[in-house]
Every structure is written in structure tokens, then in C-alpha cells.
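Dear colleague,

I am handing over the structure we discussed; please find it just below. My notes on it follow.

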Amino acid sequence: MDIPFVTLALVAIVVLALIFVKKAVVIISQSETKIIERLGKYYATLQPGINIIIPFIDRPKAIVTVHRGRYAYTNTIDLREQVYDFDKQNVITKDNIQMQINALLYFQIVDPFKAVYEINNLPNAIEKLTQTTLRNIIGEMELDQTLTSRDTINTKLRAVLDDATNKWGIKVNRVELQDITPPSSVLQAMEKQMQAERNKRATILTSEGQKQAAILKSEGDKASTINQAEAIKQQEILKAEGEAQARIRRAEAEAIAINKITEAVGKSTNPANYLLAQKYIAMMSELASGDNSKTVYLPYEATNLLGSIGGIKDLFKES
């Protein structure tokens, strides 16, 4: 059975209408957009949701992106933050040390129109700009400063890239250096330097400990010497005070004895002569009990002393 021509025409019109509707209705996901050109001229930037375009007259503009490490063309622009992981590149420091650095770049497209029309290959441009800027920054720094100043390098690199990519509609949020790999010879030299530094610190700590021990020992000896001197001083003071007290007691005893003698012999006889005579008699007793071969010499005033002894004898007789 032959199908009428009218039926075929209607079917063709329906199919073309469906194709037209499918081409005319564009659904944009959230955080994405498309640049629409009408007859080769910029027409509109589509917003998330349902958008209507004229098929075969309006078409989306393709943009270069990176997919799985390779450049690819797509007509959908991702407005979310993206990360580029660049391969390692050789850089030379200010002190002529060659090393390898790879970086991570976090950026976001904030103006799709500029990202499409102001630069031909956006990922390649960002990569080359990052590499050249990184070489310039590292070239102004020495090796030690490079290894210890990652935050400084990241800040400088982000500032330069953000300023340079502003005309491309790109916002560079942050830059992170993943690995900084000096040559093996430099790594060996750094290892030896660190070992020498650790030995140096150990030697310094040992000498400081010995110094503190010597200081504490000398302070202890000093305190011990001072304490000993203070003890000797106190001992001598106490000894002197004891001797002084003994002399005072002996003087007081002699004074009492003289007073007693004075009362016994009366005021007519000198008590001093009596005391001297007693001491003389005691001395003579000691001489008599010793070696008889010794010669005893009596002073000239001994005759007076003997007279005092005689007076004492007469005194006893009277009593």
C-alpha cells in the first residue's frame, strides 16, 4: 500500500519541527554558561536554565580547556574554580643553582566573554605565564631563601598572575608549589651541612652544660668557703668572748680575794705584797721540786719581797 505524499510531508515537517525545537532549546546547568554567536558575531551569554536560540543561525562558541592532561575544545564554559597541575620545570636561582619546581594553579573564570575573545588558548597561556613568572621570581632568590620562602613565592606569583590574567577574565585565587627538587649534589651538600649544624649545636649544648656545671660548682665552693669563714669568725668571736668573760671572772675573783686579804691583814699592810709573797713561795716550791743542778737568779727587788715575807711572818705571830 502506497503512503500518500501528504502523509510523508507531515511526518517530515514533524521531524524537522522536533529537530528545530531540540536545537532551539538549550538547557544550561548551574555554574556553567555558553557564549552564543549569531552569524559569527557575539550575541549572548546564556544563563543557567532554559534558553532559546535560533537553530543554524545561533551557535555556541568553542573554548579550549584541559581534560585529563590534554587540550580539548568544548562549547560549555565551567565557572567553578579549576586547578591546573603543571609539569616540573627547570629554574635557576640567583646563586646559579638549577632545580626543578612544579606548581598548582587555582583559578576561576569570572568573565566568559573575555575568556573566549581576549585569548586564543587560555590553559596554554596560563601555563606559559606561570612558568615564566616563576622563573623570574626564583631568579631573584638564592637557594636557601627559595627552600624556606614558599609562602613568599606563592604570594608574589599569585599577585603577578592575577594582575596579568585580569584582561582574560580570569581570577587567580591561589598558587601552591608542590615540589622543589635541587640537584643531587646540592642535596648531599645540604645533608652534610645539616649534620655539621647538628654536631655544632650538640657541641654548644655540651659546652654550655659544662659551663653551667663549672659555674654552679664555683658558686658552691664560694658559698662553702664563705660559710667556713663565717663559722671560724663566729668561733673566734665566741672564743674571744669566752676568754673575756673568764678574765672578767678572774679579775672579779682577785678583787674579792684582795678585799678579803685587806680585811684580814688590816690597812697597815699592803695586800699586794701579800699576794706577791704567795706567788713567790709557790714558785720557790716548784723550783725546789725540780732539778737541783739548775741555777736560780733572783732579781734585785727580791730583797724587798723577802722583807714582805718576813712582815707576813710577824703578822702571823702577832695573831
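Two strands count as paired if DSSP finds at least two bridges between them. The strands themselves (E, at least two residues) and the helices (H or I, at least four residues) are DSSP runs, numbered from the N terminus. With that in place, Y84 stands opposite L105 in β12.

This is a predicted model, in which local features need pLDDT of at least 70 and side-chain atom pairs count only at pLDDT 80 or more, while totals for chains, interfaces and linings use all residues. Residues are numbered from 1 along each chain as its sequence is written, and side-chain values use heavy atoms, with hydrogens and water left out.

The chain as a whole

The chain has 13 strands and eight helices. Its mean pLDDT (the predictor's confidence in each residue, from 0 to 100) is 80, and 81% of the residues reach 70 or more. Over residues 315–319 the pLDDT is below 50, and beyond near neighbours in sequence this stretch has two contacts in the model; a contact means heavy atoms within 4.5 Å. Among contacts in the chain between residues at least 6 apart in sequence, 61% join residues at least 24 apart.

Of the 319 residues, 24% count as buried. Buried means under 20% relative accessible area, exposed means over 50%, and partly exposed lies in between (1.4 Å probe, protein chains only). The chain exposes about 22600 Å², of which carbon and sulfur atoms supply 56%. These areas come from the Shrake-Rupley method with a 1.4 Å probe, and for residues only the protein chains shown count as cover.

Strand β12 and its partners

Strand β12 covers residues 98–109, and nine of its twelve residues are buried. Strand β10 (residues 82–85) pairs with β12 in the antiparallel sense over four bridges. Strand β11 (residues 89–92) is also antiparallel to β12, again over four bridges; here Q89 has I101 as its bridge partner in β12. The hairpin of β11 and β12 has five residues between the strands, and N96 in this hairpin takes a positive phi near 60°.

Strand β13 (residues 170–181) runs antiparallel to β12, and ten bridges join the two. L105 has V175 as its bridge partner in β13. L105 is also the residue in β12 that stands opposite Y84.

The three-stranded sheet

An open sheet of three strands has the order β4-β3-β6, with antiparallel pairing. Its edge strands are β4 (41–45) and β6 (58–60), each of which pairs on one side only. Neighbouring strands of this sheet are turned by 35° against each other on average, direction ignored; the axes behind this angle are lines fitted to C-alpha atoms, for helices over the stretch in contact, and angles run from 0 to 180 degrees between N-to-C directions. Strand β3 (residues 35–38) is joined to β6 by three bridges.

E37 lies in strand β3. Is E37 buried or exposed? At 4% relative accessibility, E37 counts as buried. Its bridge partner in β6 is R59. The side chains of E37 and Y117 are joined by a polar contact of 2.7 Å. A polar contact is a pair of N or O atoms within 3.5 Å; within protein, one must be able to donate a hydrogen and the other to accept it, and residues adjacent in sequence count only if both atoms are side-chain atoms. Not counting residues up to four places away in sequence, E37 touches Y42, Y43, I57, D58, R59, K61 and Y117.

Two loop residues with positive phi

L39 sits in the loop between β3 and β4. Its phi is positive, about 55°, although L39 is not a glycine. L39 is exposed, with a relative accessible area of 70%.

F56 is in the loop between β5 (49–52) and β6. F56 is not a glycine either, yet has a positive phi of about 70°. At 71% relative accessibility, F56 counts as exposed.

Helix α2

F113 belongs to helix α2 (residues 112–117) and counts as partly exposed at 33% relative accessibility. Leaving aside neighbours within four places in sequence, F113 is in contact with I35, Y42 and E118. The C-alpha atoms of F113 and T45 are separated by 7.7 Å, and these two residues are 68 apart along the chain.

Regards
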